[in-house]
Amino acid sequence: MTDLGRYQDALTIQRVLHTTRTIAIVGLSNNELRASYFVGYYLKRHGYQVIPVNPREPEILGETSYPSLLDVPVPVDLVNVFRAPDALPAIAREAVAIKAGALWCQFGVINEEGARIAEDGGVTVIMDRCLKVEHARYVGRMHWLGFNTQRITSVRAGLQ
C-alpha cells in the first residue's frame, strides 16, 4: 500500500503552487465535460501558461497540443497528470527528461513506480490531489468556505 501522506505535504503543495508558471497537462481533453478540461480552463484563467499534452488533439483551450512531454518546446515547471495510473512510469521518465520541477498526479493517479522514477530524477511528486482544488485552497478563496489552510492568524483583514 502506498503511503500517500508523503506525497500530500501541505508546505510542498504550497511551494509548488507559488513557484509554478508553466503547466503541461498530460491527458488534457478537448471535451468540456471532462475534469481535465475544467482544470485546464481554471488554470489558464488564473494566469498559468497551460500546455496540452494529448496526441489525439492538435489544439485544446486555444493552445497547441503536443504528442508527449518530450515534444514541448518550452521549459515546464509542473507536469499535471490526467491518465491511468499504469501510464505514470513513462510520464515520470519524460518529466525527468525535460527537467520538470514537479509531477502532480490527480485524484486516483497513484503509482509507486512512477513516483520513485520522478523522485530519483529530482522531480517533486504530489499524488492523489487535484491541482484546481489545492490552488483554490491555498491561493484562491476556497478557504473562506471552511477548508483548513493550516494557518493561524490574529490579523483582522476582513473579507477580500
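This is a predicted model: local features need pLDDT of at least 70, side-chain atom pairs count only at pLDDT 80 or more; totals for chains, interfaces and linings use all residues.
Trainee: What share of the residues of the protein chain count as buried?

Mentor: Of its 160 residues, 46% fall in that class, while the chain as a whole exposes about 9,000 Å², with carbon and sulfur atoms supplying 50% of that area.

Trainee: Which elements make up the secondary structure of the protein chain, and in what order do they run from the N terminus?

Mentor: There are five helices and seven strands, and read from the N terminus the elements follow the order α-β-α-β-β-β-β-α-β-α-β-α.

Trainee: How do strands of a sheet pair in general, and in what order do the five strands of the open sheet stand here?

Mentor: Strands of a sheet pair through backbone hydrogen bonds, in either a parallel or an antiparallel sense. In this model five strands form an open sheet in the order E2-E1-E5-E6-E7, and the pairing is parallel. Strand E2 (49–53) and strand E7 (124–127) each have a single partner strand, so one side of each is left without a neighbour in the sheet. On average, and with direction ignored, neighbouring strands of this sheet are turned by 20° against each other.

Trainee: Over how many bridges do E6 and E7 pair, and which strands does helix H1 touch?

Mentor: Strand E6, residues 102–105, pairs with E7 in the parallel sense over four bridges, and among the bridge partners are Ala-102 and, in E7, Thr-124. Helix H1, residues 10–19, packs on the sheet and touches strands E5 (78–81), E6 and E7, its direction making about 110° with that of E7.

Methods:
Residues are numbered from 1 along each chain as its sequence is written. Side-chain values use heavy atoms; hydrogens and water are left out. Two strands pair if DSSP finds at least two bridges between them. Helices (H or I, at least four residues) and strands (E, at least two) are DSSP runs, numbered from the N terminus. Axes are lines fitted to C-alpha atoms, for helices over the stretch in contact, and angles run from 0 to 180 degrees between N-to-C directions. Contact means heavy atoms within 4.5 Å. Buried means under 20% relative accessible area, exposed over 50%, partly exposed in between (1.4 Å probe, protein chains only). Accessible areas come from the Shrake-Rupley method with a 1.4 Å probe; for residues, only the protein chains shown count as cover.
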